[in-house]
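Here are some notes for a colleague who has not seen this structure before. They are set out as numbered points.

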Amino acid sequence: MGDTWGTVCDTHWDLQNANVVCNQLGCGTAISSPGGAFFGEGDGLIWMDIIECSGNEMRLTDCPIASWGHHRCTHKNDAGVICSGEDWQLRLANGESPCEGRVEVYYNGVWGRMIDTEWNFNEAEVVCRQLNCGSAINIYSHSKFGKGTGPTWIGNVRCNGTEPSLRNCTFTKMEQSSLADDVGVVCSGTTFFISSYITIVLLPAMG
């Protein structure tokens, strides 16, 4: 909270709560939500006692919170999470600001392209939301920001417009070259910052 790191109490901690953390950090989905200071006891303040997340919130602070800094937890109750480690990150390339440009997807250590012949504001809204760039104000499906040079990772994305990130929508994994046009978006550029911080150790899933 502010500029002070703290931990989360495990009283109501479960997989849905952990999933919000993994989503927020771009680390895939939660596969385990260990409590009891599984990764060791933190220090400093214990900021949150989460009641229950639905699992679709954009950030942990969007979940109902039983108390901020007032509870019976100790650091023996520090919550933890293990995420799947998927790296479906997004960026907007070749625009005039970080909040406009060609949509690119980071997967398997490589930035690649996204194509969609029916690209619309629902999908674009989710991209802007995931990037903390406000709302979509213009969309493009004809490579307005130039053609990408990497592999074509995904296509045929379908969102309802309320998802916290693009990986919560349906899409087709392409993993091949394509001559189709890249999609682009101009977002409003309104950004926000998380005002509270939690200490949670993340480990890659063991294959």
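**Notes on the model**

1. Just after helix 2, N132 has a positive phi of about 60°. Helices (H or I, at least four residues) and strands (E, at least two) are DSSP runs, numbered from the N terminus.

2. This is a predicted model, in which local features need pLDDT of at least 70 and side-chain atom pairs count only at pLDDT 80 or more, while totals for chains, interfaces and linings use all residues. Residues are numbered from 1 along each chain as its sequence is written, and side-chain values use heavy atoms, with hydrogens and water left out.

3. The protein chain has two helices and 13 strands. Of its 207 residues, 44% count as buried, where buried means under 20% relative accessible area (1.4 Å probe, protein chains only). Among contacts (heavy atoms within 4.5 Å) with a separation of 6 or more, 74% come from residues 24 or more positions apart.

4. Helix 2 covers residues 121–130, and its buried residues are E123, A124, V126, V127, C128 and R129. These buried residues pack against strand 6, strand 7, strand 9 (136–140), strand 10 (152–158) and strand 12 (184–187). At the N-terminal end, N120 caps helix 2, with a side-chain oxygen 2.8 Å from the backbone nitrogen of N122.

5. Strand 6 (residues 89–93) and strand 7 (residues 100–107) run antiparallel and are joined by five bridges; two strands pair if DSSP finds at least two bridges between them. Six residues lie between the strands of this hairpin, and N94 takes a positive phi near 70°.

6. Which residue in strand 7 is the bridge partner of R91? The partner is E104. E104 counts as buried because its relative accessibility is 6%. The side chain of E104 makes polar contacts with the side chains of R91 (2.7 Å) and R102 (2.9 Å). A polar contact is a pair of N or O atoms within 3.5 Å; within protein, one must be able to donate a hydrogen and the other to accept it, and residues adjacent in sequence count only if both atoms are side-chain atoms. Leaving aside neighbours within four places in sequence, E104 is in contact with Q89, L90, R91, A93, W111 and G112.

How values were computed: Buried < 20%, exposed > 50% of the residue type's maximum accessible area, 1.4 Å probe, protein only.
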